[in-house]
Amino acid sequence: MISLTVTAVVFGVVFLAELPDKTALAGLVLGTRYRASYVFAGVAAAFALHVALAVAAGSVLTLLPQQIVQALTGVLFLGGAAVLLLKKGEDEEEVRKPENQSFWKVSGAGFMLILVAEFGDLTQIMTANLAARYDDPLSVGLGAVLALWAVAGLGIVGGKALMKKVPLRLITQIAALVMLGLGIWSLWEAVTG
């Protein structure tokens, strides 16, 4: 059974954390050069693979005693908040142009770009943390993959317009505050539980 509450919380956290990430900019670059649906197909497949790996890793963490899991996820959330607050602006990823505009070339380029760029990324680590925290792999996986797909879609279709209206720094600060809150909450539960 999928929990809409867990799915919504995960969606919000991952969405906010991924918005200022370099992959949204890379998706924007690919989307301006190639057919958006082809780019999205490759990017979406890579994100689905990353979420599956993160949820599997988080599910393994649930085998540990609950207080240890809560303390570990709290520390990792606090670390993620620090990374978001301390990171400098990122340059757009250099994207190698596929030789032609076929579906497989374009979607393959999008898949490989995300597969490499997102491996071990903050949102993948956060997804593993959330899977450990909630012990609900389906809800966490669904929320994370929908958030990543939403950011990819925004980046591919309308990233420039969004960044003109909402400062990237504000998005980053909101994501950091949410992660800070989740970190403090997890540590509190570890201490009082």
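A salt bridge is a side-chain nitrogen of Lys or Arg within 4 Å of a carboxyl oxygen of Asp or Glu. The structure described here is a predicted model, in which local features need pLDDT of at least 70, side-chain atom pairs count only at pLDDT 80 or more, and totals for chains, interfaces and linings use all residues. Residues are numbered from 1 along each chain as its sequence is written, and side-chain values use heavy atoms, with hydrogens and water left out.

**R133 and its partners**

Side chains of opposite charge can pair when their charged atoms come close. A search of the whole structure finds 1 salt bridge. This bridge joins E189 to R133, with the closest N and O atoms 2.9 Å apart. Because E189 belongs to helix α8 (residues 168–192) and R133 to helix α6, the pair ties together parts that are 56 residues apart in sequence. Helices are DSSP runs (H or I, at least four residues), numbered from the N terminus.

Relative accessible area describes the setting of each residue: under 20% is buried, over 50% is exposed, and values in between are partly exposed (1.4 Å probe, protein chains only). R133 is buried, at 10%, whereas E189 is partly exposed, at 23%.

R133 also meets two aromatic rings. A charge sits over a ring if NZ of Lys or CZ of Arg is within 6 Å of the ring centre and within 35 degrees of the ring normal. The charged end of R133 sits over the ring of W185, 4.2 Å from its centre. R133 lies over the face of Y134 as well, at 5.6 Å from the ring centre.

**Helix α6**

Helix α6 covers residues 122–134, and its 13 residues reach 18 Å from the first C-alpha to the last. This is close to the 18 Å expected at 1.5 Å a residue, the expected span being 1.5 Å times one less than the number of residues. Of the 13 residues, 11 are buried, so α6 is largely enclosed by the rest of the structure. Among the buried residues are L122, M126, L130 and R133. D135 follows α6 and has a positive phi, near 50 degrees.

**Aromatic pairs**

The structure holds 3 aromatic pairs. Rings of Phe, Tyr and Trp (its six-membered ring) pair if their centres lie within 6.5 Å; planes under 30 degrees apart count as stacked, over 60 as edge-to-face and the rest as tilted. Two of the pairs are tabulated below.

| Pair | Centre distance | Plane angle | Class |
|---|---|---|---|
| F11 and F15 | 5.5 Å | 15 degrees | stacked |
| F103 and W104 | 4.9 Å | 80 degrees | edge-to-face |

F11 and F15 both lie in helix α1 (residues 4–18), 4 residues apart, about one turn of the helix. F11 is partly exposed, at 29% relative accessible area, while F15 is buried, at 17%. F103 is partly exposed, at 29%, and W104 is exposed, at 69%. Ring pairs link Y38, F103 and W104 into a cluster.

**A nonpolar surface patch**

Patches are made of residues with over 30% relative accessible area and no salt bridge; like charges are joined within 9 Å, and nonpolar side chains (Val, Leu, Ile, Met, Phe, Trp, Tyr) within 5 Å. On the surface, I2, L4, L138, L142 and L146 form a nonpolar patch with about 470 Å² of accessible area together, as given by the Shrake-Rupley method with a 1.4 Å probe, where for residues only the protein chains shown count as cover. Helix α7 (residues 137–165) gives the most to this patch, with 3 residues. L146 is found in α7 and is partly exposed, at 36%.

How values were computed. Helix = DSSP H or I, 4+ residues; strand = E, 2+ residues; numbered from the N terminus.
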